[in-house]
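Dear colleague,

I am handing over the structure below, and after it you will find my notes on what was found. Please read them with the structure open beside you.

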Amino acid sequence: MEIAFEELDIANLIIDCVYKGGKTSDMSSEPFHKLIPRCENAGGFRKKLREDGSGRYAYVVLYTSMEELEWPDYLDEETGIFRYYGDNRHPGRELTDTKKKGNKILEDTFALLNEGTRLDDIPPFFVFKKTGNGRDVQFLGLAAPGNPKISPDRDLVAFWRTVNGKRFQNYESYFTILDTGSEAIPRKWIESLIYDHKNSEQYAPAAWKRFLKYGRDGITPLKANRIFKIPSKYDQLQSDIEGNRCLDLIRSHYRDNPYGFEACAVNIIEKMDPNFVDFSLTRPWRDGGRDAIGHYAITQGGKSNYPLKIDCAIEAKCYSPDDSVKVKQMSRLISRIRYRQFGILITTSYVADQAYKEVVEDGHPILIVTASDIAAVLRANSINSNDVEEWMKHIDSTTSRLEAYYSAFVNMRKL
């Protein structure tokens with residue numbers, strides 16, 4: 001569904017609706033100032049204060065392109081969880097000392113959420129996405145801060161980044177797109193948030209009212225089950241320039257050392273999810289492959305009770321982008337999986353359609369990690385083309401010591 005630019009000043013907000021920008025090349029074609037009363041025209045954070053002189057926010061618009069690889073905003077349609085990054089994206093400033101004060105908005109909002117006594121002071125967040133077609137924008141939904149499944153110490157986290165040798169902090173925040181039902185979000189509610197806030201709740205969607213009453217426990221996410229399709233070669237190889245450089249260096253480094261890549265693969269999996277633990281590289285198989293065996297530990301983090309550990313096995317393939325993992329290699333991993341165990345296929349390339357289909361259609365417990373995933377894991381752990389070789393050398397040194405120990409053990413048994 002699309003709403004023409006000329007009709008924006010009377011339009012309500014409808015999930016996934018596209019709101020058209022104007023045809024001129026200047027800022028007058030921005031749709032926000034017509035669609036959202038008194039909305040700012042620039043920035044990722046577009047806030048409006050109430051007109052009652054309280055200094056509190058009436059609403060906040062969160063605007064994203066979803067295309068910034070360094071700051072990967074992301075909406076998980078299946079859970080309704082929306083990840084959004086703050087606006088301190090360059091060195092030289094304190095965490096909340098930003099032009100649009102976006103990080104300050106995040107800080108204040110999540111403080112109110114966790115305090116739980118003044119929820120009415122939390123503004124509604126309207127989430128929009130750039131469509132890539134001129135100035136058109138798409139409405140993703142009404143969002144509340146936090147999520148019932150995300151603990152209060154994880155829904156707003158300050159982390160460090162390094163740019164040109166300089167360190168700085170930014171926020172990573174988690175919101176939830178609320179299930180507002182089939183009805184549109186009325187323009188009258190937005191206007192009342194600004195001009196008559198004390199009476200605005202009567203126009204608010206029921207999902208927002210539940211949030212104001214119960215806080216985090218009153219969040220009702222908008223969940224949309226995803227129809228799975230086999231990812232294309234392009235999807236599995238997709239990465240930014242920096243990610244592709246890292247992948248090329250890994251492929252080159254381990255081209256003639258498949259055993260070494262097994263250790264590298266284990267390191268990547270452990271970085272992907274810290275619940276993967278206790279991996280060990282096994283002896284080479286007769287056909288030249290090599291397994292790694294480990295566990296996925298499920299625990300509440302305390303010291304009293306023993307964690308549940310699920311066995312898993314890794315098959316690692318260091319392939320060029322033009323060489324895919326085919327049915328033979330995938331079948332080899334499937335045949336090794338024992339009862340109550342799952343497998344991980346990790347490759348610097350991609351999985352061919354037929355091999356991927358067999359895993360999905362037959363329901364094999366295989367986690368597939370391809371080139372695009374590896375690049376994302378490295379980026380999340382601040383490993384780039386400047387230090388990826390040093391990282392691999394560290395892995396190799398550890399693997400060499402294990403190899404030496406294993407060789408000595410084998411020789412002793414021969415005596």
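In what follows, Ala, Val, Leu, Ile, Met, Phe, Trp, Tyr, Cys and Pro count as nonpolar, Asp, Glu, Lys and Arg as charged, and the others, Gly among them, as polar. The model is a predicted one, in which local features need pLDDT of at least 70 and side-chain atom pairs count only at pLDDT 80 or more, while totals for chains, interfaces and linings use all residues. Residues are numbered from 1 along each chain as its sequence is written, and side-chain values use heavy atoms, with hydrogens and water left out.

I begin with the second largest pocket. A pocket here is an open set of points on a 1 Å grid over the protein atoms alone, with protein on both sides within 12 Å along at least five of seven lines, and its lining residues have an atom within 4 Å of a point. Grid points are joined across faces, edges and corners, and a volume is the space filled by probe spheres set on the points. On these terms the second largest pocket has a volume of about 470 Å³. Its lining comprises 20 residues, of which E70, T162, E242, S382 and N384 are the closest to the centre. The elements that contribute two or more residues to this lining are β9 (156-163), α6 (241-253) and α10 (371-380), where helices (H or I, at least four residues) and strands (E, at least two) are DSSP runs numbered from the N terminus. The greatest contribution is that of β9, with four residues. By residue class, the lining of this pocket divides into eight nonpolar, seven polar and five charged residues.

Strand β8 (residues 137-145) is mostly covered, since nine of its nine residues are buried, where buried means under 20% relative accessible area, exposed over 50%, and partly exposed in between (1.4 Å probe, protein chains only). Two strands are taken to pair if DSSP finds at least two bridges between them. Strand β2 (residues 18-19) runs antiparallel to β8 and is joined to it by two bridges, with Y19 standing opposite V137. Strand β7 (residues 125-130) also pairs with β8 in the antiparallel sense, over six bridges, and here F126 stands opposite L142. These two strands, β7 and β8, form a hairpin with six residues between them, and G132 in the turn has a positive phi of about 90 degrees. Strand β10 (residues 166-177) is likewise antiparallel to β8, through three bridges, and P145 stands opposite F175 in β10.

There is also an open sheet of five strands, in the order β11-β12-β13-β14-β15 and with mixed pairing. Its edge strands, β11 (276-281) and β15 (366-369), each pair on one side only. Within this sheet, strand β13 (residues 308-317) and strand β14 (residues 341-347) run parallel and are joined by seven bridges, E315 having L345 in β14 as its bridge partner.

Finally, the salt bridges: a search of the whole structure finds 25 of them, each being a side-chain nitrogen of Lys or Arg within 4 Å of a carboxyl oxygen of Asp or Glu. One of these joins E30 to R135, with the closest N and O atoms 2.9 Å apart. This pair links distant parts of the chain, 105 residues apart, as E30 lies in the loop between β2 and α1 (32-35) and R135 in the loop between β7 and β8. E30 counts as buried, at 10% relative accessibility, whereas R135, at 26%, counts as partly exposed.

Other salt bridges fall within a helix. D108 and K104 form one, their closest N and O atoms being 3.3 Å apart; being four residues apart in helix α2 (residues 102-115), they are separated by about one helical turn. D108 is partly exposed, with a relative accessible area of 30%, and K104 is partly exposed too, with 33%. In helix α6, R251 and D248 lie three residues apart, about one turn of the helix, and form a salt bridge whose closest N and O atoms are 2.9 Å apart. R251 counts as buried at 10% relative accessibility, while D248 is partly exposed, with a relative accessible area of 44%. Elsewhere, salt bridges that share partners join R50, R56, E115, R118 and D121 into one network.

With best wishes

How values were computed:
1 Å grid on protein atoms, 1.4 Å probe; cavity = no way out; pocket = protein on both sides within 12 Å on 5 of 7 lines; lining within 4 Å.
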